[in-house]
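I wanted to look up a few local features in this model. These are my notes, in the order I took them.

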Amino acid sequence: MPHTLNVSAIREDFPILQQQVHGKPLVYLDSAATSQKPDAVIRAMDAYYRTTNANIHRGVYALAEQATEQYEGARHKIQKFINAKSWREIIYTRNATEAINLVAYAWGRAQIQAGDEIVSTVLEHHANLVPWQLLAKEKNARLKFIGADAQGLLRADDIATLITAQTKLVAVTMASNVVGTLTPIHSIIARAHAVGARVVVDAAQAVPHMAVDVQSLDCDFLAFSGHKMLGPFVGILYGKRALLEKMEPFLGGGDMIREVFLDHSTWNDLPWKFEAGTPAIAEAIGLGAAVDYLTALGMDNVRAHERELTAYALDQLRAIKGIRILGPLDPEQRGGVIAFSIPEAHPHDVAQIFDGEGICVRGGHHCAMPLHDYYGLSATTRASFYVYNAPEEVDKLVETIKKVQQIFKG
Ligand code: C6P
């Protein structure tokens, strides 16, 4: 396997990976749930608490000014990372889930009316499904779903026929957290815009793993989570400035206002109109450090590394008899997420056996119950790769699957 990234050097940057679990070297294959954090991120947050801790946008003293500068500086890094036109289009949220809910409340409640259609896909994480169910119910709007084939590829026919003049919004994932599919996001967005619909992209499994350029995508909104991209627990909503300017606030309180009277208020400029209350300051600064780290690696290298690992894993997994692997067979069409099912073993038992080997994998429905139903499964086991994973760890994954089969064949 060619080495696009220097994995052993990268691993040195991650203190957590140096430990043993149950007497075995830790093998972390659950980065789709949350990634590990490099020293640079931990140090950035530590330095904030040790030297700069103060609230932002309020104090006139040096500490508060430095904290504000670092918090806003991280926003500029994130802007550059996804190539947004303006830093005002970058809104800090709690996570990707909150980012999508912000759109559902602040944009959706004003724009969606009875009879309107919202088009999504069967691949979605609950975070990009439940907010639209709530909105559709409240507004008497209709939800429609683009289907997928047996490999988890979205059906081109559905994209063409379901997105129509009645469609007001298309809510679609860029990369599935279960089947790994990279969706044809450019053509979905083009189709949606051709009928006058807006598009929300769930990029929680995309921004950490490949170069994402919101201007080239031309998406209206895009959501992702810092904690899946080597950063801390903070999220980001990107939105086109013209849309965000017209939207009413999501949450009310401090910092999001310009003037407050007893009977009404006026709103702060973007992006602060959507950042009510004291935000996760250290986390935002930590995310800035994560963006620096990923930028230094190069997002094309990150993608190439994960594609190589995924191809290597798929080759070996396909050779194992009696397991079902979800998602596209071609590594070009998927991210570094591989969910599989061993029919004789429940995924929770599988994950426990893996744990005994010091290997972290996730067992369950991965917050995508309808997708599991779609494929006639109640749960799967999932391995997911990131910059610090090595081919030897894929070998351990394969060995442990064989061990599980042995145990259950008894
Ligand atoms: N998926 C997983 O193990 P939050 O929890 O808000 O940071 O991210 C939500 C989310 C949204 N979209 C996709 C595609 C996701 O994968 C996730 C998070 C984790 O797959 C936790 S369930």
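I started at Pro 271, which sits in the loop between strand E12 (265-267) and helix H10 (281-297); helices (H or I, at least four residues) and strands (E, at least two) are DSSP runs, numbered from the N terminus. The peptide bond from Leu 270 to Pro 271 is cis, with omega near 0°.

The model is predicted, so I note that local features need pLDDT of at least 70, side-chain atom pairs count only at pLDDT 80 or more, and totals for chains, interfaces and linings use all residues. Residues are numbered from 1 along each chain as its sequence is written, and side-chain values use heavy atoms, with hydrogens and water left out.

Next I checked Asn 140, in the loop between helix H5 (130-139) and strand E6 (142-146). Asn 140 is not a glycine, yet has a positive phi of about 60°.

I then turned to the ligand. I found 17 residues around the ligand (a heavy atom within 4 Å), and Thr 97, Asp 202, Gln 205, Ser 225 and Arg 362 come nearest.

For polar contacts I used pairs of N or O atoms within 3.5 Å; within protein, one must be able to donate a hydrogen and the other to accept it, and residues adjacent in sequence count only if both atoms are side-chain atoms.

- A nitrogen atom of the ligand has a polar side-chain atom of Asp 202 at 2.6 Å.
- An N or O atom in the side chain of Arg 382 is 2.7 Å from an oxygen atom of the ligand.
- A polar backbone atom of Ala 96 lies 3.3 Å from an oxygen atom of the ligand.
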